[in-house]
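Me: Hi, I've just opened this one and would like to go through it with you. Could you show it first?

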Amino acid sequence: MITISDYYSSTLMYSAICCGISGIVIFIMHFKIKFRKEIVAKYIIGLSVSLLLITALMAAYLYSINENLGTFHIFYVAVVLFTLTFLYIYKDQMKENFYLYWGLALLYLMGLTIRSITTFGEVLY
């Protein structure tokens with residue numbers, strides 16, 4: 001029987017993979033000027049951020065039904081949400097380095113997501 005926790009853990013894995021691939025692609029776009037396509041980059045960023053928000057909503061739902069997610073896992077999900085908030089706040093100031101900014105940000109978010117995967121289910125008392 002597949003539970004919602006199984007779906008959640010697979011969604012976490014997909015969001016980490018998507019953030020990693022998106023970050024690398026956008027980071028490469030920063031250095032390859034002739035391959036820069038802003039509309040493609042925006043769709044890639046939108047997909048990655050959407051997956052991160054979906055996993056955060058799933059974590060909130062699982063936490064509300066008293067599922068054992070782990071203390072540090074919830075902490076890293078909150079750090080991902082704070083990071084997305086600050087990325088949104090400072091997006092206008094980084095227009096000139098759009099590709100570098102989002103490439104590094106998505107790689108950082110991939111690292112946070114991987115860290116939240118490794119702490120999934122661990123409870124510290």
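Reply: Before the angles: an axis is a line fitted to C-alpha atoms, for helices over the stretch in contact, and angles between N-to-C directions run from 0 to 180 degrees. This is a predicted model, where local features need pLDDT of at least 70, side-chain atom pairs count only at pLDDT 80 or more, and totals for chains, interfaces and linings use all residues. Residues are numbered from 1 along each chain as its sequence is written, and side-chain values use heavy atoms, without hydrogens or water.

Me: Good. How many helices and strands are in the chain?

Reply: Four helices and zero strands, in the order α-α-α-α along the sequence. These are DSSP runs numbered from the N terminus (H or I of at least four residues for helices, E of at least two for strands). Along the principal axes, the C-alpha atoms fill a box of roughly 50 × 30 × 20 Å.

Me: And what pLDDT does the chain average?

Reply: The average is 89, and 98% of the residues score at least 70. That is the predictor's per-residue confidence, from 0 to 100. Among the elements, α4 has the highest mean, 93, while α1 has the lowest, 90.

Me: OK, on to packing. At what angle do α3 and α4 pack?

Reply: About 170°, and their axes are 9 Å apart. α3 and α4 are therefore roughly antiparallel (over 145 degrees; under 35 is roughly parallel, 65 to 115 roughly perpendicular, the rest oblique).

Me: How far apart are the axes of α1 and α2?

Reply: They are 9 Å apart, with α1 (residues 4-31) and α2 (residues 38-64) packing at about 155°. This pair is therefore roughly antiparallel as well. Their contact has 22 nonpolar, six polar and no charged residues. Ala, Val, Leu, Ile, Met, Phe, Trp, Tyr, Cys and Pro count as nonpolar, Asp, Glu, Lys and Arg as charged, and the others, Gly among them, as polar.

Me: Changing topic: what is the volume of the largest pocket?

Reply: About 290 Å³. A pocket is an open set of points on a 1 Å grid over the protein atoms alone, with protein on both sides within 12 Å along at least five of seven lines; a cavity is a set where a 1.4 Å probe fits but cannot get out, and lining residues have an atom within 4 Å of a point. Points are joined across faces, edges and corners, and volume is the space filled by probe spheres set on them.

Me: Which residues line the largest pocket?

Reply: K42, I45, V49, L84, L87, Y88, K91, M94, K95, F98, Y101 and W102. The elements giving two or more residues to that lining are α2, α3 (71-89) and α4 (98-118). Nine lining residues are nonpolar, none polar and three charged.

Me: What about cavities of 30 Å³ or more, how many are there?

Reply: One, from a search of the whole structure. The largest cavity holds about 60 Å³ of space.
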